[in-house]
Amino acid sequence: MDRQRLSSIAHSHHPIAAPISGVNVNRLLRRADRRPAARVLDLGCGEAAWAMQALALHPDGHADGVDVSRYALERAAAAAAERGLTDRLTLHERDARTYVPDGDYDLVLCVGSTHVFDGFAGTLRTAGRHVNSDGILLIGEGFWEAPPTPAALAALDAKPEDFTDLAGLVDVAEGAGWTPVYAHVSDAAEWDDYEWSWVGSLTEWALDNPGHPDAAEALTVAQEHRDQWLRGYRNLLGFATLVLRRAR
């Protein structure tokens, strides 16, 4: 099965694509609210749920969403049409690393897609180039809530140094010239909802389409992911979404 298609199915019941509830998405975006006509950029936007919610809070704003997944962007376009946002959301099917920065966005989002920029520090550096002088950079990134076990590292295909702790995330941001003005740390319920939604959506699709040539693979991937989470990184990998402004 095409991995983009698989990911789209897995996120069908959780389009935010991060372990964050809708209430907390709104809380973060309100903290990042700068002006009614804000220009918004969502890098690695997936189904553009964050960008569309930002537009709901910026009634005269416009958003650009960038992602390599055609399937996710097709779903984003359909959702934008349903919400009457087609004229205010432009979707770009391309690698977020090649999106040409003009440095004049009021709000730049990169939630759960920092791997595109080789991690948190690279996201601060590259995504930050798109932000105007008084703008907001909102980044969602993983961190170690507790020292990782061998099982957690194996499940995530990670090394201990791939993530820092929460204080370390703040240190990296400040070292790159950004000051956190707010942050949300996802709790256990948000993580469980995200992971069960991911696993459950893929499992249900496989069970509902038993004759599909990819059904068996989808079921296997869902079960493997479930075991990696439950037996590996559950309660060890955290997720923080930081609202950042440039230091003066």
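The structure is a predicted model, in which local features need pLDDT of at least 70 and side-chain atom pairs count only at pLDDT 80 or more, while totals for chains, interfaces and linings use all residues. Residues are numbered from 1 along each chain as its sequence is written, and side-chain values use heavy atoms, with hydrogens and water left out.

S113 counts as buried because its relative accessibility is 8%, where buried means under 20% relative accessible area, exposed over 50%, and partly exposed in between (1.4 Å probe, protein chains only). Leaving aside residues up to four places away in sequence, S113 touches L43 and G44, contact being defined as heavy atoms within 4.5 Å. From S113 to A158 the separation is 45 residues in sequence and 16 Å in space, taken C-alpha to C-alpha.

Attention now turns to charged side chains. A salt bridge is a side-chain nitrogen of Lys or Arg within 4 Å of a carboxyl oxygen of Asp or Glu, and by this rule the count comes to eight. One of them joins the side chains of E93 and R70, with 3.3 Å from N to O. This pair links distant parts of the chain, since E93 belongs to strand 3 (residues 89-93) and R70 to helix 4 (residues 70-82), 23 residues apart. With a relative accessible area of 44%, E93 is partly exposed; R70, at 48%, is partly exposed.

A further salt bridge is formed by D162 and K159, whose side chains meet at 3.7 Å, N to O. D162 has a relative accessible area of 36% and is therefore partly exposed. For K159 the value is 45%, so this residue is partly exposed.

The side chains of R226 and D227 also meet in a salt bridge, at 3.5 Å, N to O. R226 counts as partly exposed because its relative accessibility is 29%, and D227 is partly exposed with a relative accessible area of 30%.

Note on methods
Helix = DSSP H or I, 4+ residues; strand = E, 2+ residues; numbered from the N terminus.
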